Amino acid sequence: MIANSLRRLARTMEKHRAEGWGWRYDGLEDWPTEKIIAQLQAIGIDTDAERFLQQATAARGFRALRSDWVAQIPEDKRAPGLFWEDFPLLGVPVLWNRLAPQVICADLIEERLHRVVKAEEEGETLPDVDGMPADLAAAMELVRYLEGVERPHRPARFDGVNEDGYYDYAQWLAELVETRGPAFPDAVTQIADVMSDCCYAEEFQVDLAMALAQAGRREEAIRRALATVERFPDYIWGRISAGDIFERLGDRHQAIRHWVEVLKMAGDDNDWQIAADRLAEALGGTARQEELDELLRANPMPPCNLPSPLSPRQAPGTTAAREPDSDVAPNVSATPRLTRARTIGRNDPCPCGSGKKYKKCCMA
């Protein structure tokens, strides 16, 4: 079925290209500005290169200008088999970037974000912008746009950028903080702080703290990690990450303290197991094995109410598999066994199969 649909689409595209409609699939990026303007005028749209800036300023966004232009197309250009109503859809963003880049609007920001995310998806490397990677430069444009309003109004302004976008820019920005943070700590700090005013504040601050630790900014990383734990006391990944940061910075005592707190507050077996795994790495290979055993006995794994996402037959921490119809209770008195393969990290693929990271799917 899918193969047949793709073949029909390929035939349609081939036919349309032969009839002169190839721009519907190829875009207008390769068209000279003069050619785009001439085609707009030919289909009845009142514009030119000199007046476009004025029209963009009045419209204040792609959608308003497109609607105005489509309304100008005469009926004879809208006949069946003609696609001129699509031309403004493609022409507006191209002309806006070329003739009115100083007229910043949500649509322009989204178009630039879309360009860099799509390039990443296709494995294309875009040129740097003023010595900054293209993805980071696009993110900083968004930051400046959001900073143009007071903090209470930033969520709505970001929604204007994100709501009609093809991609989830919030998730993409969180990943950008992680990947670009070690090399560009000042830029990602600004991104994380502004985005924290819009959504997922705990996520952005956790990712920022780790990025700062990786960048060698010890004091700032610790301050951010502790502030996140204090601000979001029930956000268990804030505590896990705080421990990770202290471990990375060489303060194992503080790392252990945070992971023990996770054992105490864990509401499911996965969170408990992640903390237990970290404690096992920190203590299990030393003379403190008895301390580890005592910690796990004092803070047992919470009851597992649902099947383990990675093993329906055996939940993490049990000492033996139990058949579904068995009347024998699992051995709950023994020290839970650590099974690293069963834990799910916040940046791992979500076990539900959505294709998203765990932190952006079921963990949320």
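**Notebook: a helical chain, looked up piece by piece**

I began with Arg60, which lies in the loop between α4 (52-59) and α5 (62-72). The model is predicted, so I noted that local features need pLDDT of at least 70, that side-chain atom pairs count only at pLDDT 80 or more, and that totals for chains, interfaces and linings use all residues. Residues are numbered from 1 along each chain as its sequence is written, and side-chain values use heavy atoms, with hydrogens and water left out.

**Entry 1**

I looked up the backbone angle of Arg60 and found a positive phi of about 65 degrees, although Arg60 is not a glycine. Most residues other than glycine have a negative phi.

I located Asp130 in the loop between α7 and α8 (134-146). Its relative accessible area is 80%, so Asp130 counts as exposed.

**Entry 1: the chain as a whole**

I counted 17 helices and 0 strands in the chain. Helices (H or I, at least four residues) and strands (E, at least two) are DSSP runs, numbered from the N terminus. The chain has 364 residues, of which 45% count as buried. I also looked at contacts between residues at least 6 apart in sequence, and 59% of them join residues at least 24 apart. Contact means heavy atoms within 4.5 Å.

I found Ile191 in helix α11 (residues 185-196). Ile191 is buried, with a relative accessible area of 1%. Leaving out residues up to four places away in sequence, I listed what Ile191 touches: Leu136, Ala139, Met140, Val143, Leu173, Leu176 and Val177. From Ile191 to Phe204 is 13 residues in sequence and 8.7 Å in space, C-alpha to C-alpha.

His258 sits in helix α15 (residues 252-265). Its relative accessibility is 3%, so His258 counts as buried. With residues up to four places away in sequence not counted, His258 touches Leu226, Arg239, Ala242, Gly243 and Phe246.

**Entry 2: a helix pair**

Two packed helices are described by the angle between their axes and the distance between the axes. I took α6 and helix α7 (residues 106-121), whose axes come within 11 Å and cross at roughly 100 degrees. Axes are lines fitted to C-alpha atoms, for helices over the stretch in contact, and angles run from 0 to 180 degrees between N-to-C directions. The two helices, α6 and α7, are therefore roughly perpendicular to each other (angles under 35 degrees count as roughly parallel, over 145 as roughly antiparallel, 65 to 115 as roughly perpendicular and the rest as oblique). On the α6 side I noted Pro93, Trp96 and Asn97 making the contact, and on the α7 side Leu108, Glu111, Arg112 and Arg115.

**Entry 3: aromatic rings**

How many aromatic pairs does the count come to? The count is 12 aromatic pairs, where rings of Phe, Tyr and Trp (its six-membered ring) pair if their centres lie within 6.5 Å; planes under 30 degrees apart count as stacked, over 60 as edge-to-face and the rest as tilted. Trp31 and Phe87 have ring centres 5.6 Å apart and planes at 55 degrees, so this pair is tilted. Trp31 lies in the loop between α2 (23-26) and α3 (33-42), and Phe87 in helix α6 (residues 87-99), so the pair ties together parts 56 residues apart in sequence. Both are buried, Trp31 at a relative accessible area of 16% and Phe87 at 0%.

I next checked Tyr166 and Tyr167: their ring centres are 4.9 Å apart and their planes at 85 degrees, so the pair is edge-to-face. Tyr166 is exposed at 64% relative accessibility, whereas Tyr167 is buried at 12%.

One aromatic cluster is formed by Trp21, Trp23, Trp31, Phe83, Trp84 and Phe87. The charged end of Arg24 sits over the ring of Phe83, 3.9 Å from its centre (this needs NZ of Lys or CZ of Arg within 6 Å of the ring centre and within 35 degrees of the ring normal). Arg157 lies over the face of Tyr145, 4.1 Å from the ring centre.

**Entry 4: cysteines**

I counted 0 disulfides, a disulfide being a pair of cysteine sulfur atoms within 2.5 Å. The sulfur of Cys198 is 6.0 Å from the closest cysteine sulfur, in Cys199, which is too far for a bond.

Methods: Buried < 20%, exposed > 50% of the residue type's maximum accessible area, 1.4 Å probe, protein only.
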